[in-house]
Amino acid sequence: MNEKLEGLFKSYTGARPDKIIQLTSSGSNRIYYRIASGDFSCIGVAGIVAEENEVFCALDRHFSSIGINVPEIYTVSQDRMFYLQEDLGSESLFDRLSEGRLRKQYSGGDIALLKKTISVLPRIQIEGARGWDFSKCYHSLPFSPRTVIYDMNYFKYCFLKTTGLEFDEQKLEDDFMKLAEILAAADENAFMYRDFQSRNVMLKDDEPYFIDFQGGRRGPVYYDVASFVWQARSDFPEDLKAELVETYIASLERHRQVDREKFWSELKLFVFFRTLQVLGAYGFRGYFEKKRHFLESIPYAVANLRGLLPYISGLCPYLASLLEQMSALPRFSKPAGGASAYDSCLKVRIFSFSYKKGIPEDASGNGGGYVFDCRAIHNPGKYEQFKSKTGMDREVKDFLEGRGEVAAFLENVYSLADAHVEKYISRGFTDLMFCFGCTGGQHRSVYCAEALAGHLSAKYGIRIVLDHREQGVKREIQGKIPSNKAADQ
């Protein structure tokens with residue numbers, strides 16, 4: 001695969017690449033690489049379905065022609081399985097909002113960027129629908145009762161059944177059909193992006209650029225608004241949600257008349273529907289594909305769902321009653337207001353260290369904790385370009401993540417750590433220690449310590465002390481709020 005992208009790169013640029021680094025993907029089955037030679041860098045994409053790649057490239061050129069910020073497509077392989085596109089950098093809108101998300105308080109700059117992004121959405125939907133042949137969509141079926149039922153069954157089989165709740169299949173299907181008919185009655189003469197959310201918005205010079213629209217189809221405008229404003233992990237406060245929707249409506253009014261009361265009423269139904277669809281995706285990606293960050297997003301999606309049940313109960317009473325039972329399950333609780341999910345006094349200390357200088361001492365008097373040996377992971381320190389950098393630097397992260405070894409290593413670490421943290425919390429213990437060692441305590445151990453700290457902070461909101469011993473960097477994370485942001489740079 002690398003060889004084919006390398007050949008495509010050489011054909012386009014006339015030069016062999018200096019580096020090819022595989023990038024981390026989330027829900028996509030496509031594989032992305034950052035490929036560079038000298039000062040030129042691009043993203044190489046290896047798709048699994050030629051038709052899907054073809055649709056993305058065609059839509060990309062269509063959106064570009066009407067002035068929408070999308071990555072430029074440089075070249076496509078003859079078999080349409082590989083292509084090169086513009087490198088927009090590594091920062092998504094989701095990344096930019098991380099501090100506000102952890103603090104449960106978004107800055108004026110965050111809100112301005114959110115408004116700028118959602119203001120572009122009507123242009124994608126309305127102008128993007130003009131001149132586009134919807135029969136060329138990868139999913140050519142327009143939004144309809146049939147497509148709604150597809151997503152409802154996705155939720156039922158990939159999420160609801162995993163909860164172990166008993167339910168009446170026929171009553172549930174009756175409510176699904178009722179909801180599908182109501183949703184499909186909405187105006188569908190727009191381009192429905194389908195996955196319009198902050199992870200699919202890249203930031204280049206503080207301008208939003210849009211990616212991952214190949215799943216789009218003809219449909220109503222409400223779905224994309226629901227996807228963006230009610231994205232589970234964004235966890236926007238209610239007043240900000242309202243502000244973003246009103247910003248969207250003001251932009252939409254440049255293209256068509258809007259009945260605000262009707263818009264809000266129909267939007268709530270689509271928020272409900274989108275949330276069920278998202279839970280189906282989280283169930284499949286998390287429970288079946290074992291991708292942890294999807295599992296960590298579930299409580300946030302369930303919290304969105306919980307707030308919509310009073311509105312839906314009159315339309316689909318059986319479905320609402322079943323979802324009320326589901327949302328009350330303890331496993332779906334989430335932290336409130338940035339506090340710990342368990343209101344715990346547990347402190348977790350996480351160290352990176354060099355084996356040459358010995359394993360860190362346990363000052364708590366408990367005799368130590370877990371020690372993980374990272375030396376089996378390929379060492380960035382062997383390469384000149386990484387010798388002055390650490391596992392906190394983006395270049396080293398890309399190198400480690402691109403090889404895949406560290407992801408498998410950390411999956412096992414997370415499994416052990418989660419079980420231990422939960423047991424310590426339930427028993428009221430106050431101190432737990434994890435140590436990651438490598439040859440120099442600079443690259444692999446630092447990366448892994450950072451990763452575990454981020455994982456435990458996001459999942460449990462507990463107090464964490466992160467100590468990179470050989471780097472002289474120490475900081476505390478309390479209630480998901482980094483106390484020393486500079487140390488992350």
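In this predicted model, α8 passes α10 in a right-handed crossing, meaning the near helix is turned clockwise from the far one, by less than a right angle. Helices (H or I, at least four residues) and strands (E, at least two) are DSSP runs numbered from the N terminus. Local features need pLDDT of at least 70 and side-chain atom pairs count only at pLDDT 80 or more, while totals for chains, interfaces and linings use all residues. Residues are numbered from 1 along each chain as its sequence is written, and side-chain values use heavy atoms, with hydrogens and water left out.

On the α10 side, the contact (heavy atoms within 4.5 Å) includes Phe263, Phe270 and Arg274, and on the α8 side Tyr222 and Val225 are among the residues involved.

Now for the sheet: it is open, with 5 strands in the order β1-β2-β3-β5-β4 and antiparallel pairing; two strands pair if DSSP finds at least two bridges between them. Its edge strands are β1 (19-22) and β4 (73-76), each pairing on one side only. Between β1 and β2 (residues 31-37) there are 4 bridges, and Ile20 has Ile35 in β2 as its bridge partner.

Angles below run from 0 to 180 degrees between N-to-C directions, using axes fitted to C-alpha atoms, for helices over the stretch in contact.

| Helix | Partner | Angle |
|---|---|---|
| α13 (residues 394-403) | β1 | about 70° |
| α8 (residues 222-229) | α10 (residues 260-288) | about 65° |

The axes of α8 and α10 are 8 Å apart.
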